[in-house]
Every structure is written in C-alpha cells, then in structure tokens.
Amino acid sequence: MSIEISGVSKSFGDFDALRDVDLTIPSGGLTALLGPSGGGKSTLLRIIAGLETADAGRVLIEGRDATELPAQKRNVGFVFQHYAAFKHMTVAKNVAFGLEIRKRPKDEIRRKVAELLELVHLDQFAHRLPAQLSGGQRQRMALARALAIEPSVLLLDEPFGALDAKVRKELRDWLRRLHDEVHVTTVFVTHDQEEALEVADEIVVINQGRIEQVGTPDQLYDAPANDFVMGFLGDVTRLGGRPIRPHDIEVHTTPVGEDPAEVHAGEVARLTRVGFEVRLLVLTVEGEETQVVLTRAEARAAGIDVGSRVWLRPHRGATTVSAVRAV
C-alpha cells in the first residue's frame, strides 16, 4: 500500500509548485503533508490522486505505476475540505454512491453502508440530508463515503479546515482513532502544525515546492533539519544570535553559569499571562528581544515582573537545528 514518488515536478505558468520531489509514503501509516499556503502540498496530493498531471516524474501506488492512470482507476479515496456532498441525497445514499456506480449487489451495499455509518457514529442520521448535519458530521460522512470503495489509499485535503477550533480538535482525535481501526494508508494535507504533530505517524514538511524534512513528529520537533523546519513546527526566538524555543530558556534572577558566553543578562520589558503560561519579553544587554515561556508557578516563585533583572541561558538538551540533512 506504499506510495513512491520519484522526480515529480509541476508548474503553473511561471510558478513552480513542485520541484523534483522524491518521497516514499509508508504502507498503513498516517502521513501529514505540512507546510505554508502555496508550498506545494495540495498539488502533491492531487497528483497522487490523479486529479493533476505532473510535468515530470512518476507515481507508484502499491508498486504499480499510476503516473498515467486516470483518478477512477487508482483505487484512491479523496476527501475535500468542503465535503462535496450530494445535497439532494440522504447520508446513507451519499455513502452508497461509490458502491452503486460500481454496480455492487444491493445487499452488499446496504451492509457496507450500515457498517460505515456505525464506524463514523452516524448510523442514527442515515436518513437525514447533509444540510441537517453539523459541519463535523458532514465531514465524517465524507470520510465514510471515501472508505466505502475500500481504497488502497485515503487522501484528505485540509479535511478540517472549514471547521471551528473545538470541532477540529474533536475530529482530529476521532481521525486518529478511526485510522487505528481501519489501517488504510492515509495522507492528509494541513498547514496546522499542532494537527500534524498530534495526529500523524510521519510528517513531510514542504516549502516552496521542495521537501525540507521527513520524520516522526518527535524527530522533526526535537531535531529540525534547518531554521525553516524549526520555525514552522513551533515558536522560535533568538538568544545569543541563535534560534531557540522560548520554553527551552532558563530564567534566573541572579548571575549563573560557569560559561559567560551561554548566559545573557537582560530586563523584562513585558509580561503576559495566558492560561497556565507566563510569556516574557526580555531585552538583553546585547540588544536582542528574547521571548521566554514559564509556567505561572515558575514566574510566581521567582518573583518575576516587568522591570525585573534576569539572566537567561539555554536549557540542557534545548532544541537546536540538527545536522540531519533534509530529504
């Protein structure tokens, strides 16, 4: 069920959406294509699906060369951001549609639709129209419809992008549980770093048509290959001229450390409390504006406030740009 992408390039006029992309997507995993808008991730997904044609390169699905195959012959399920539901059909009919056009026996269709609606927790809504469902329910219906044809690969293009934050959180938890049940090779596009880090087995970071790094969420967060990956997968500030995550900085109210080059004196210029966090903006004597994140308990225990004199140094084991070469 793996997907092999070799030397894929795609341009739209003068714009290079993808440039000589090589990628292997493992069988049975949940892989996120993550990157900024316009970075090429949706174009790559559509090329895998057969909805776009690459200018160069090859796509293999399950070891079969699918480069020239039309979308309907790739056995791929595709879920769009905006559901693409048939508004005049019931939920059950929407889910059954792909099976009906494949002329499956009616008893098989009824059984499969019932199983899928139960799987996505919509069995009680089988006879409703899509307009009578919430946004989250419509997206679950779209996933059931994509799974009905038993695809080799499930492709999701910003599947939760049109939903509010609370529903997005609920659905990505649900997608992770669903994938653990059905084990179909799944690729989803997102620009939401938290979504990718929380849901995916593997993340492919794409920027300006190129792959910056491929790895597990922990690998990318703890050992980013370059400044772009580090900055895209979490907040970054600078201390002593080097990028560092705000929560990877120790804050002391007296001079510390045996290595003066690692310690930077400064003054708290701004303090903001956000839930359990306290966010500091420290102006260092070198002229840097360094952001630091503490817990409320840490800030309270240290007696830190605006105007406090502080000394900053990196935590041991702080995230730094890795020597790992981008894929």
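In which helix does K112 lie? In this predicted model, K112 sits in helix 3, the stretch covering residues 106-119. Looking past the neighbours within four places in sequence, K112 is in contact with L99, L147, A148 and E150.

Two of those partners bring helix 4 into the picture, which runs over residues 135-148. Helix 4 has 14 residues and spans 20 Å from its first C-alpha to its last, close to the 20 Å expected at 1.5 Å a residue. Of those 14 residues, 13 are buried, so helix 4 is largely enclosed by the rest of the structure. After helix 4 comes E150, with a positive phi near 55°; E150 is also one of the residues that K112 contacts.

Helix 5 takes in residues 165-182, and its 18 residues reach 26 Å from first C-alpha to last, again close to the expected 26 Å. The buried positions here are R168, L171, R172, W174, L175, R176, L178 and H179. As for the spacing, residues three or four places apart point the same way because an α-helix has 3.6 residues a turn. What do the buried residues of helix 5 pack against? On the helical side, the list holds helix 3, helix 4 and helix 6 (193-199). Strand 3 (30-34), strand 7 (153-157) and strand 8 (185-190) make up the rest. Helix 5 is followed by H183, and here too phi is positive, near 60°.

Definitions and conventions:
Residues are numbered from 1 along each chain as its sequence is written. This is a predicted model: local features need pLDDT of at least 70, side-chain atom pairs count only at pLDDT 80 or more; totals for chains, interfaces and linings use all residues. Side-chain values use heavy atoms; hydrogens and water are left out. Helices (H or I, at least four residues) and strands (E, at least two) are DSSP runs, numbered from the N terminus. Contact means heavy atoms within 4.5 Å. The expected span of a helix is 1.5 Å times one less than its number of residues. Buried means under 20% relative accessible area, exposed over 50%, partly exposed in between (1.4 Å probe, protein chains only).
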